[in-house]
Amino acid sequence: MTFRRLLPVFVASLLLACRQGMQGAQTLPSTRGLPEQSGVAGAFRVPEYYDKENASKLKSLLTGTAAAPQSDGTLRLATVQLVTFDLSGQTNLVFTGTNCVLDARNRIVYSSDRLEMRTGDERLYVSGVGFLFRQTNSHVIISNQVHTIIKGAPGPLSTLP
Amino acid sequence: MHRLLLLFLFLVPGSLLGAEETHAPAGQIEIFADQFEFDSTNHTAVYTGHVRVLDPQMKLVCDRLTAGLTEVGGTNARTTINQIVAQGAVQVDMTTDQGSASAYGDKAVYEASTDTVELTGKPRLVTRQGTLTGDRVIVDRRRNRLEARGNVRMVMPAEALKQPGFSLNKDKPALPKP
């Protein structure tokens, strides 16, 4: 799966966590309605599975700590990690960030902290400080200190996020 | 003739002169910028602000870098770049076993399908052999060729004539006919 396809999955997963988090539970239920337990206060774990015949296969796993609903209706996550998987179980993308704010109403996710994204095959790594994901148009903006590493490129800039 | 084709010793990588911190390790490309914007609707990735691209063979600096993306492959599709546009104070420094070269211009367009880079906006190529300017400077990486079009001017230092490839005929010049 390409970065282009992964981005909406990523945003949708985070916003799903936001929606579920704002329902009151700091330990969020899974996307299949089964509550996930965590030993860490405020920690959450949100697995998402593929549909139909692949319903037993994990599509993404969102984990994090200290999910705190805010007065403006957003949800702040102290740490967050999202891992997406393909149908064979291989890791597609790993995203890590801190102090993420999830705004389900406006369908955006943002943070002023550092974020890192890497593909499962380690061919692509993107990091930066401060980001905004907008689900409405599948837009991602990294505001500062952007660093991209592309490995295994046969020619100049043959692959990008 | 507006078109001048120069076999100008364009320095496409052979062996490198050793790893410098201004170049990425072999098989790796690094991009640094102030800001990154990815638009999956228009399939573009845009780096802005102090953009630096480190390739094993070159370093590119510009104000703005736009990459047009496309997907190739079927089930295991991967995103690849079909075009890169560098804009604003573009500078490309290349280092090879034959020396170094620097290209300057307002804009550089890389076409992946042809593996060519076209420099416009007062393009200028500086090598040990001299300085080449024109309306357009096209680097054909696949064929190791450089092409300049429109108002082409080549300035070469006298020392360049003494270098290999520019040897002079040491025979006595033919006498002028009466």
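## Chain A: elements and surface

Helices (H or I, at least four residues) and strands (E, at least two) are taken as DSSP runs, numbered from the N terminus. On that basis chain A has one helix and seven strands, and along the sequence the pattern is α-β-β-β-β-β-β-β. This is a predicted model, in which local features need pLDDT of at least 70 and side-chain atom pairs count only at pLDDT 80 or more, while totals for chains, interfaces and linings use all residues. Residues are numbered from 1 along each chain as its sequence is written, chains are lettered from A and ligands numbered from 1 in the order in which they are written, and side-chain values use heavy atoms, with hydrogens and water left out.

Chain A has 161 residues, of which 48% count as buried; buried means under 20% relative accessible area, exposed over 50%, and partly exposed in between (1.4 Å probe, protein chains only). The chain exposes about 7200 Å², and carbon and sulfur atoms supply 48% of that area. These areas come from the Shrake-Rupley method with a 1.4 Å probe; for residues, only the protein chains shown count as cover. With a contact defined as heavy atoms within 4.5 Å, 37% of the contacts in chain A between residues at least 6 apart in sequence join residues at least 24 apart.

## Strand E6 of chain A and its partners

Strand E6(A) (residues 124-134) is largely enclosed by the rest of the structure, because eight of its 11 residues are buried. Two strands pair if DSSP finds at least two bridges between them. Strand E5(A) (residues 108-119) pairs with E6(A) in the antiparallel sense over nine bridges, and Arg114(A) has Val129(A) in E6(A) as its bridge partner. The hairpin of E5(A) and E6(A) has four residues between the strands, and Glu122(A) there takes a positive phi near 65 degrees.

Nine bridges also join E6(A) to strand E7(A) (residues 139-151), again antiparallel. Leu132(A) stands opposite Ile141(A) in E7(A). The hairpin of E6(A) and E7(A) has four residues between the strands, with Ser138(A) in the turn at a positive phi of about 50 degrees.

## Aromatic and charge-ring pairs

Rings of Phe, Tyr and Trp (its six-membered ring) pair if their centres lie within 6.5 Å; planes under 30 degrees apart count as stacked, over 60 as edge-to-face and the rest as tilted. The count is four aromatic pairs over all chains. The Phe36(B) and Tyr47(B) rings have centres 4.9 Å apart and planes at 50 degrees, so this pair is tilted. It links distant parts of the chain, 11 residues apart: Phe36(B) is in strand E3(B) (residues 35-39) and Tyr47(B) in strand E4(B) (residues 44-54). Both Phe36(B) and Tyr47(B) are buried. In chain A, Phe95(A), Phe131(A) and Phe133(A) form one aromatic cluster.

A charge sits over a ring if NZ of Lys or CZ of Arg is within 6 Å of the ring centre and within 35 degrees of the ring normal. Arg52(B) lies over the face of Phe32(B), at 4.7 Å from the ring centre, and Arg124(B) over that of Tyr104(B), at 4.4 Å.

## Positive phi in loops

Lys52(A) has a phi near 50 degrees, a positive value in a residue other than glycine. Lys52(A) lies in the loop between strands E1 (44-49) and E2 (58-69) of chain A and counts as exposed at 74% relative accessibility. Asp115(B) has a phi near 55 degrees, also positive and in a residue other than glycine. Its place is the loop between strands E7 (99-111) and E8 (116-120) of chain B; with a relative accessible area of 16%, Asp115(B) is buried.
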